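Biologist: I have a model here and some questions about it. Shall we go through them one by one?

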Amino acid sequence: GQQLNQSPQSMFIQEGEDVSMNCTSSSIFNTWLWYKQDPGEGPVLLIALYKAGELTSNGRLTAQFGITRKDSFLNISASIPSDVGIYFCAVRTSGTYKYIFGTGTRLKVLA
Amino acid sequence: DAEITQSPRHKITETGRQVTLACHQTWNHNNMFWYRQDLGHGLRLIHYSYGVQDTNKGEVSDGYSVSRSNTEDLPLTLESAASSQTSVYFCASSGGMNTEAFFGQGTRLTVV
């Protein structure tokens, strides 16, 4: 089936550092999403991207939809302890309302 | 406030038993989904529904079934639970174009 390759799988960073993670696909998708999952909770939508090349911010988070429509990245600036969690990229498959999720990036922030 | 709720939050069952996980949303969304989350696999789609009486198989549907008799609910049934179905299950709903999925808090199922 279709797959999203998400990297890195996990990362430890110091509080205050910037974080970058990305997601790639071998297929073109027209909607890219980033979700965050806190421990013991369901994923929560952070940013939705609908246009190739689009750069969208949500507070300290910035995400971009790649020009080729085969990738996206998420940046977190000045990380804080509550940024801990798993970040998932996802795409909505064209012509449907189904979602495909990446395997996630587990972020741990060291105070 | 509108929400999506799953029950139970935790369940332990024995191999071979039938188990039903509940999902209820008050968003009035047409689209509902069931995913399972396992280490190293992310979220994998089990079944989904685009409206009442509509159900479709996802990528890991074997051993699972769903029914959609109203807009608010999409229960997930494990016909004969197996140890390989030990997982965390998430229900989600979405409203359509540019109204992306909201997730429930998950059900942790252990099959012993």
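Biologist: Does Ser79(A) count as buried or exposed?
Modeller: This is a predicted model. Buried means under 20% relative accessible area. Ser79(A) has 1% relative accessibility, so the residue counts as buried.

Biologist: Which backbone oxygen lies 3.3 Å from a polar atom of the Ser79(A) side chain?
Modeller: Ser79(A) sits in the loop between strand 8 (71-76) and strand 9 (85-92) of chain A. Leaving out residues up to four places away in sequence, Ser79(A) touches residues including Ile13(A), Gln14(A) and Glu15(A). The oxygen at 3.3 Å belongs to the backbone of Gln14(A).

Biologist: Which strands stand at the edges of the open sheet in chain A?
Modeller: The sheet has five strands, in the order 1-3-8-7-6, with antiparallel pairing.

Biologist: In strand 3 of chain A, which residue is the bridge partner of Asn5(A)?
Modeller: Strand 1 and strand 3 (residues 19-25) of chain A run antiparallel, joined by four bridges. The bridge partner of Asn5(A) in strand 3 is Thr24(A).

Biologist: Glu100(B) forms a salt bridge with which residue of chain A?
Modeller: Chain B and chain A bury about 1800 Å² between them. On the chain B side, Leu43(B), Glu100(B) and Phe103(B) lose the most area to chain A. The count between the two chains is one salt bridge. Its closest N and O atoms are 2.8 Å apart, and the partner of Glu100(B) is Arg92(A).

Key:
Residues numbered from 1 in each chain as written. Chains lettered and ligands numbered in written order. Predicted model: local features only at pLDDT ≥ 70, side-chain atom pairs only at ≥ 80, totals over all residues. Heavy atoms only, no water. Pairing = 2+ DSSP bridges. Helix = DSSP H or I, 4+ residues; strand = E, 2+ residues; numbered from the N terminus. Buried < 20%, exposed > 50% of the residue type's maximum accessible area, 1.4 Å probe, protein only. Polar contact = N/O pair within 3.5 Å; in protein donor to acceptor, adjacent residues only side chain to side chain. Contact = heavy atoms within 4.5 Å. Buried area = accessible area lost by both parts, 1.4 Å probe. Salt bridge = Lys/Arg side-chain N within 4 Å of Asp/Glu carboxyl O.
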